[in-house]
Amino acid sequence: MNIVTINGSPTGLQGSTGRLLAALADGAREAGAAVTLFELGTLTVKPCNSCRTCQQIGTCVINDDYTQIKAAMLAADGIVLASPNYISNVSAQMKALLDRCFSMFHCQMLHKKYGACVVASGGPLYQNVEEYLLHVVGNSGCWKVGSAATGGGMLDDSGEAPAVLKEARDLGRRLAEAIKTQQRFPEQEEEREQCFEMMRWLVEENKDKWPYEYEYWQTHWGKG
Ligand SMILES: Cc1cc2nc3c(=O)[nH]c(=O)nc-3n(C[C@H](O)[C@H](O)[C@H](O)COP(=O)(O)O)c2cc1C
């Protein structure tokens with residue numbers, strides 16, 4: 001069982017995002033998962049240039065660390081996206097990665113994997129960032145296991161920190177257990193189905209412009 005965690009914070013494991021992510025990874029390891037960490041702060045993932053080559057031939061023209069992150073995501077059973085709240089959104093590092101995943105999401109390549117997310121914020125208004133990351137996890141095709149978030153210096157408060165870190169560790173454990181048992185989440189079924197069929201429709205509508213994606217759908221997901 002293999003979980004890929006991606007830290008979108010440039011402050012690495014010293015920062016609040018990184019500390020929450022490390023607690024999540026501890027929980028996942030306790031439940032038997034192997035956990036791999038990608039630090040976007042030390043790797044290079046440039047922004048998408050909208051050339052659409054990925055949709056036509058399945059590979060990105062930009063030669064950087066996205067290649068290895070994509071391979072790890074495809075091989076993983078679980079994926080964790082972690083980001084700080086930067087101006088009410090994810091960090092630029094995380095957004096660049098998500099944009100580069102464009103064709104992977106169209107093709108629902110992560111369908112049936114499991115996902116979670118982590119957010120750290122200076123203040124208490126981070127709900128939209130958490131919701132956005134979870135939304136992306138769901139639209140990628142993953143089952144949404146949950147999220148862990150912290151704001152307003154909770155991780156620096158010796159009274160609050162143990163509870164927040166425990167929440168993240170519990171999420172890691174739940175993620176690993178969900179993978180182990182191939183858990184289904186009935187309340188997510190309808191939304192997942194709608195997203196999946198919307199992607200199918202989109203790719204079929206554009207089959208002449210996006211031959212790689214059309215071929216991927218035919219090969220992997222059939223006629224529906
Ligand atoms: C560029 C930048 C933008 C930020 N924008 C916000 C914001 O809009 N709202 C907020 O509550 N905190 C904001 N913060 C504070 C960070 O969310 C907070 O310090 C968080 O803990 C950073 O994550 P890290 O500890 O992993 O580095 C911002 C910080 C930076 C550096």
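So, let's start with the ligand: the shell around it has 4 nonpolar, 10 polar and no charged residues. On the classes, Ala, Val, Leu, Ile, Met, Phe, Trp, Tyr, Cys and Pro count as nonpolar, Asp, Glu, Lys and Arg as charged, and the others, Gly among them, as polar.

Quick housekeeping. This is a predicted model, where local features need pLDDT of at least 70, side-chain atom pairs count only at pLDDT 80 or more, and totals for chains, interfaces and linings use all residues. Residues are numbered from 1 along each chain as its sequence is written, and side-chain values use heavy atoms, with hydrogens and water left out.

Back to the ligand. There are 14 residues around it, and Thr-11, Thr-17, Asn-85, Ile-87 and Gly-123 come nearest; to be near, a residue needs a heavy atom within 4 Å of the molecule.

Now the polar contacts, meaning pairs of N or O atoms within 3.5 Å (within protein, one must be able to donate a hydrogen and the other to accept it, and residues adjacent in sequence count only if both atoms are side-chain atoms). Ser-121 uses a side-chain N or O atom, 3.0 Å from a ligand oxygen. Ser-88 has a backbone N or O atom 3.1 Å from an oxygen of the ligand, and a backbone N or O atom of Gly-122 also sits 3.1 Å from a ligand oxygen. On its own the ligand has 630 Å² of accessible area, and the protein covers 64% of that (Shrake-Rupley method, 1.4 Å probe; for residues, only the protein chains shown count as cover).

Next, salt bridges: a side-chain nitrogen of Lys or Arg within 4 Å of a carboxyl oxygen of Asp or Glu. By that rule we get 11.

Which residue does Asp-64 pair with? Arg-100, with the closest N and O atoms 2.9 Å apart. Asp-64 is in the loop between helix H2 (53-57) and helix H3 (66-75), and Arg-100 is in helix H4 (residues 92-100), so the pair ties together parts 36 residues apart in sequence. Helices here are DSSP runs (H or I, at least four residues; strands are E, at least two), numbered from the N terminus. Both Asp-64 and Arg-100 are buried, that is, under 20% relative accessible area, with exposed being over 50% and partly exposed in between (1.4 Å probe, protein chains only).

Over in helix H7 (residues 161-181), Asp-170 and Arg-173 are 3 residues apart, about one helical turn. Their salt bridge has its closest N and O atoms at 3.0 Å. Asp-170 is partly exposed at 24%, and Arg-173 is partly exposed too, at 30%. Those two also belong to a salt-bridge network with Glu-30 and Lys-166.
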